[in-house]
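I opened this notebook to record what I looked up in one structure. My entries cover strands, helices and confidence, in that order.

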Amino acid sequence: MFKNEGEIKKGRPEIILFTGFLGSGKTTMLIKTIEMLAEKKRKCAIIINEIGDVGIDNRQMRKLGYDVLDLFGGCVCCTLKVTLEATINHLLEDCEDLDYILFEPSGMADPSAMYPAITNCGYDVNEIHNIFIFDPLRVDLYVNSLNKLFNDSLNLAGMVVINKIDHAAPGMVKDAMKMVKDTRPGIKSFQMNVNDGLTPEFNQALIRERRQ
Amino acid sequence: MYQKDFIPIVLKVKFKSEEPIAIEKWKQLIGDLFLGYAQRITEKGDCFIGHIKALADISEFSYIKFSCINALAGVNSEFHGELQSNCKINMVINSLVTNMSNHESRKLLNQSWLLTINQEENIKMQIEDETPDTLEEHHHHHENEPCPICENKHHIH
């Protein structure tokens, strides 16, 4: 039986959503975030949605020693919406003392389509901590082909991480930053190579956002 | 182009060597194969790489992960675990590319292997079972539309 909404809200875990197009660095960001939260003795549940019959990210996470809840068989923004809701409800019901639910949807997912599954579990939209990971190597793709996805993603995000700054030409990083500022002036943004670790400023902002 | 245009393809690959090979060499070899595969996809002209990633199993807790979004940007590879030498490696490739069938992916991967490997090294690559080769797009549907895959009879795992 589900707990009533009041019971769940009282001690329920924060939800952190890692959004971004294919190959932007979401899984690496997820792993670095887990490492950071684990150092602070936070208890996390990990949900991963991958397209394809066999997952790569879930295998990687298991080899790193993490237990993962997989959402397989389709994209979480359409065919797996119900499964996502059931998975979150299961965590709220059965996992005590959970501090965070970390969710990495497929890079093909439309982030706005995932929100109803989360809000149906009792969360308000503004309680979902959505981190948009932006690959500056994809600036042209976002401008020319995925503009709607970019706008939708950015409008839902609480923070933006411009990743791979050492791999992209300085002009690309600058263009990426301009796209972010033009679309969402004032949004918290960070530039880093997630592979090398999260910046202290980002970690502080993530923890601060949780407290607010 | 939109997200739905990327066709998910999974390739299970086995590598076998007569002599144990150090992880660093496997990493280099498979990385070269991966780059050649990405280059061949790009050369086709009508294909666009969303993301190609692979996980090579070294042992229960060791792996090499490969990731590529663009042949020009190269292949990112990352090893985790204990350095050792292996004769066999199993790898799963998850490829999200537009206009690319399973059959064609296998063909391009095999071509890349022939150009990557020095025949004298006695290292074999075998691509395992082929999933049904449909060029169906990944379906997205909106809130009030019936799901085209399961007609709204969603499975809960």
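The entries below concern a predicted model.

Entry 1, strands. I began with strand β1 of chain B, which spans residues 6–22. I found that β1(B) pairs with strand β5 of chain B, residues 85–98, in the antiparallel sense over 13 bridges. As one example, I noted that Ile21(B) has Asn86(B) in β5(B) as its bridge partner. I then looked up strand β6 of chain B, residues 123–127, and found that 5 bridges join β6(B) to β1(B), again in an antiparallel arrangement. Here Ser17(B) is the bridge partner of Ile123(B) in β6(B).

I next examined helix α1 (residues 23–43) and helix α2 (residues 102–116) of chain B, whose axes lie 8 Å apart at an angle of about 130 degrees. The two helices are therefore oblique to each other. I recorded the crossing of α1(B) past α2(B) as right-handed. Among the residues that make the contact are Leu29(B), Leu33(B) and Tyr37(B) of α1(B), and Leu108(B), Trp113(B) and Leu115(B) of α2(B). I noted that the contact residues divide into 8 nonpolar, 4 polar and 2 charged.

The mean pLDDT of chain B is 84, and 78% of its residues reach 70 or more. I marked residues 133–139 of chain B, where the pLDDT is below 50; this stretch has 18 contacts in the model beyond near neighbours in sequence. I also marked residues 147–157 of chain B, where pLDDT stays under 50 and the model has 20 contacts beyond four places in sequence.

Conventions:
Residues numbered from 1 in each chain as written. Chains lettered and ligands numbered in written order. Predicted model: local features only at pLDDT ≥ 70, side-chain atom pairs only at ≥ 80, totals over all residues. Pairing = 2+ DSSP bridges. Helix = DSSP H or I, 4+ residues; strand = E, 2+ residues; numbered from the N terminus. Axes fitted to C-alpha atoms, helices over the stretch in contact; angles between N-to-C directions. Parallel < 35°, antiparallel > 145°, perpendicular 65-115°, else oblique. Left-handed = near helix turned anticlockwise from the far one by under 90°. Contact = placed C-beta atoms within 7 Å. Nonpolar A, V, L, I, M, F, W, Y, C, P; charged D, E, K, R; others polar. pLDDT = per-residue confidence, 0-100.
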